[in-house]
Amino acid sequence: MNIGITVYPTYGGSGIVGSELGKELAQRGHTVHFISSSLPTRLTQLNERVRFHEVEMMSYPLFEHQPYTLALATKMADVAQSENLDLLHVHYAIPHSISAILARESLKPHRTLPVITTLHGTDITLVGADRSYLPITRYGIAQSDGVTAVSNYLKRATAETFQFDHIAVIPNFICSSDYKRRPSSELRAELAPGGERLLVHVSNFRPVKRPVDCVEILARVRRHGVNARLAMVGDGAERARAEHRALCLGVERHCVFVGKQPRIVDYLSASDVLLLPSEQESFGLAALEALACEVPVIASRVGGIPEVVDDGVTGCLSEVGDIEKMSADAVRLLSDEDARREMGRRARESAVSRYSTDLVIPQYIEFYERVIAASKEQPEG
Ligand code: GMT
């Protein structure tokens, strides 16, 4: 197949999932055309089967805001024609599905171009549910030829908010040979030079991730007498607040903020427990990546996280903001190496047996084939 994929290139899990999906499809013999405003961060290597088409924006004094949605639609239609695309697969509904639908409609006299939208979370739970965006998001979803969601929770949330449930759940995935524990004693020694236990948090440090809670948890864990440190991986709006809170709690020497890191597996492999105290998470890709690296997860019982993290088996779940319970769980796990290792072993087993690329990528390919077949059956309008 010739597949067009659009993602947000720089930000968040949906871009990672779309990019990794493209690479996996290419490895299986398909040709993937990324259509985006810049090269997606995970797309480090382009080749004959992984191509990139940049959306160019025309600047004109009349445009106070450049019409990206239209520029994207134009590029999608151009690429569909020149590269003979079989379908467009967009990640994140707003505005990508609207652009894709415009491209499909503009090409109608010449070709069929089915549009598949994958919902990732805040496109439904925050942005799409905002009154001003709700009708256009509903339109984008309803007009897509196929819709997938990354968790059962997100499918339910979409049905509740948009009264639309013609959705296939295809979960996020990990490549089990890339995402596996590769302990590096050097990195561990850098992050925990005194042989301390190591907590880790990985996110884009937006308010929804509640990174400040991680610092609160570290302070409580240390008060309980556990000699622990915290590695904060990533960057974003809440980083300054988290750093300030560490200072106020007197744990700044035990917290290391390492910023954005390309090699997440190294940080996970050096760590004992992942903290993911998010306010909302439709799936929690960071949790899955940790599980695959044998790192038990302490997280909020929210959104799609309970589908990914099995409470008491591969991690521990608590209500959002319950830092006392999360701290108690961390103390227990960090103090009992055997229990932690056993949980880590089960974490990997669970991640690989449910979310490995070998299981999930074929689900996307079958979904594509079904949607293409169905759109060929439709009378041309
Ligand atoms: O976080 C967002 O606002 C959007 C999105 C993204 O692009 O990172 O995140 C969502 O998609 C991820 C990949 O499917 C999921 O793992 C995240 O749980 C989800 N974020 C939220 O629901 C907050």
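**Close-up views of a predicted model**

**View 1. Pairing of strands β12 and β13.** Strand β12 (residues 297-300) pairs with β13 in the parallel sense, over four bridges. Two strands count as paired if DSSP finds at least two bridges between them. Glycine 315 in β13 is the bridge partner of valine 297. Helices (H or I, at least four residues) and strands (E, at least two) are DSSP runs, numbered from the N terminus. The model is predicted, so local features need pLDDT of at least 70 and side-chain atom pairs count only at pLDDT 80 or more, while totals for chains, interfaces and linings use all residues. Residues are numbered from 1 along each chain as its sequence is written, and side-chain values use heavy atoms, with hydrogens and water left out.

**View 2. An open sheet of six strands.** The strand order is β10-β9-β8-β11-β12-β13, and the pairing is parallel. At the edges are β10 (255-259) and β13 (315-318), each of which pairs on one side only. From one strand to the next, the twist averages 20°. Helix α9 (residues 239-248) lies across β9 (228-233) and β10, and runs at about 165° to β10. Axes are lines fitted to C-alpha atoms, for helices over the stretch in contact (heavy atoms within 4.5 Å), and angles run from 0 to 180 degrees between N-to-C directions.

View 3. A polar contact here is a pair of N or O atoms within 3.5 Å. In the side chain of asparagine 172, an N or O atom is 2.9 Å from an oxygen atom of the ligand. Backbone N or O atoms also lie by ligand oxygen atoms: 3.1 Å away for phenylalanine 283 and 3.0 Å away for leucine 285. On its own the ligand has 480 Å² of accessible area (Shrake-Rupley method, 1.4 Å probe), and the protein covers 95% of this.

**View 4. The loop between β4 and α3.** Proline 95 is placed in the loop between β4 (87-91) and α3 (96-107). A cis peptide bond joins isoleucine 94 to proline 95, with omega about -5°. Tyrosine 92 also lies in the loop between β4 and α3. Its phi is near 85°, a positive value in a residue other than glycine.

Methods: A polar contact is a pair of N or O atoms within 3.5 Å; within protein, one must be able to donate a hydrogen and the other to accept it, and residues adjacent in sequence count only if both atoms are side-chain atoms.
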